[in-house]
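Welcome! Let's take a friendly walk through this structure, with stops at a surface patch, a pocket and some charged pairs.

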Amino acid sequence: MRVKSLVALGSLSALVVSSPAVNGQSAALVKVTPLGSHAGELCRNDRALVFEDPTGVRILYDPGRTVDETDARLGDVHVMLLSHAHTDHIGDTRPVPGGGTCAAPAAGPANANSNFASIAALKNAAVLAPGELSGYLSRKIQSIRGTAPGACAEIGLDNVFDVPLGAPCTASLRPGGSRTARRAGTSGTGVRLAAVQAIHSNGIPGALVDSPGEPPGLSGYGGSEAGFVVTFTNGLVAYLTGDTGMFGDMDVIISRYYRPTLVVLNMSDAVTLGPNEAAYMIKALVRPRSVMPSHVNEQATAGGATVAGTRVDLFATAARSYVNIVVPVSDVTRSFDGTGLCVGCR
Ligand SMILES: [Zn+2]
Ligand SMILES: [Zn+2]
């Protein structure tokens, strides 16, 4: 139970707080579909993932440069999460389906509204973003639709909003906070969306700042970056790291409080943690059952198989003895049960 309650214990009153995993772990499956640049592969620019809860709630995370609103792979999108505003996550250029190579995907024309806002505007999505991004994204959606999106509903102690929506909405989601997306007409708890810390940065690219813009070389203020913990109705708890380095609260808060069983791990190195840090983080800090290495900034696979000498290969070699590694190749849907086990994965 995630509800806090005061419980009298004899002469004592104790604040009872436990994990937000309100949903018992079940065999129902959460579907996870990567929407990358090249089908069947994990490529340099790949970030976008669609999660589908057993109740039908569909969540798009960090679309980046590999998907825009014209992409038939999207289907319904009820909720969109943005970890931070960097170009490779918000999407500053439109995709060229299958264009270029997995190691160097082709970039289409610039999208001054961002792929993220273009998708949210068309799909009537609930937009959840950290820092000061919800106001920024509201303005972008207004530029596309002509009307400003409303604030997402937050009903009851679980801050519930029902989907699908008839128009987009936006809301800020900051570390410690959470909201719940519930499929209209279903009973039960819905999908819990919580923000957690990330250590990175969150400047809004100057090219995506409307007039009067920023001085050359500067970016817009976006507030703090974030990761997310998504608790699905089958009990699966997915930790989406966003771009980040390691920090101690991956253990103290994220692991011990939220208890993730699946981690989507951004591990490109140089500007985020790399494969060595990723292996340590999984073994010593977070300890999930399954991990999806993502945001790898390389061609990680060929014919769907991990290429030797890549970051993913290095990570897998170090970590495979203590975690299930599920490589998120584009357009291949993986299914996770409530315990974090990938069902049908090899
Ligand atoms: Zn970044
Ligand atoms: Zn990034």
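The model you see is predicted. Where does Leu29 sit? Leu29 belongs to the loop between β2 (12–16) and β3 (30–34). Its relative accessibility is 32%, so Leu29 counts as partly exposed.

**The largest pocket**

Rolling a probe the size of a water molecule over the atoms shows where empty space is left. The largest pocket holds about 470 Å³ of space. Its lining is formed by 18 residues, and the closest to the centre are Gly304, Ile325, Val327, Arg334 and Arg346. Three elements, β20 (305–306), α6 (311–319) and β21 (324–325), each give two or more residues to this lining. Sorted by class, the lining has nine nonpolar, five polar and four charged residues.

**Salt bridges**

How many salt bridges does the count come to? The count comes to 15. Here are some of them, with the separation of the N and O atoms:

| Salt bridge | N to O distance |
|---|---|
| Arg58 and Glu52 | 2.6 Å |
| Lys140 and Asp210 | 2.8 Å |
| Glu154 and Arg179 | 2.9 Å |

Let's take these pairs in turn. In the pair of Arg58 and Glu52, Arg58 has a relative accessible area of 17%, under the 20% limit, and is therefore buried. Glu52, at 23%, counts as partly exposed.

Next come the side chains of Lys140 and Asp210, which meet in a salt bridge. Lys140 lies in helix α3 (residues 133–145) and Asp210 in the loop between β14 (191–197) and β15 (226–231), so this pair ties together parts that are 70 residues apart in sequence. Is Lys140 buried or exposed? Lys140 is buried, with a relative accessible area of 1%, while Asp210 is partly exposed at 38%.

Then there is the salt bridge between Glu154 and Arg179. Because Glu154 lies in the loop between β10 (150–151) and β11 (160–163) and Arg179 in strand β13 (residues 178–183), the pair ties together parts that are 25 residues apart in sequence. Glu154 is partly exposed, with a relative accessible area of 48%, and Arg179 is buried at 10%. Elsewhere, Asp68, Glu69 and Arg94 are joined into one network by salt bridges that share partners.

Note on methods
Residues numbered from 1 in each chain as written. Chains lettered and ligands numbered in written order. Predicted model: local features only at pLDDT ≥ 70, side-chain atom pairs only at ≥ 80, totals over all residues. Heavy atoms only, no water. Helix = DSSP H or I, 4+ residues; strand = E, 2+ residues; numbered from the N terminus. Buried < 20%, exposed > 50% of the residue type's maximum accessible area, 1.4 Å probe, protein only. 1 Å grid on protein atoms, 1.4 Å probe; cavity = no way out; pocket = protein on both sides within 12 Å on 5 of 7 lines; lining within 4 Å. Points joined across faces, edges and corners; volume = space filled by probe spheres on them. Nonpolar A, V, L, I, M, F, W, Y, C, P; charged D, E, K, R; others polar. Salt bridge = Lys/Arg side-chain N within 4 Å of Asp/Glu carboxyl O.
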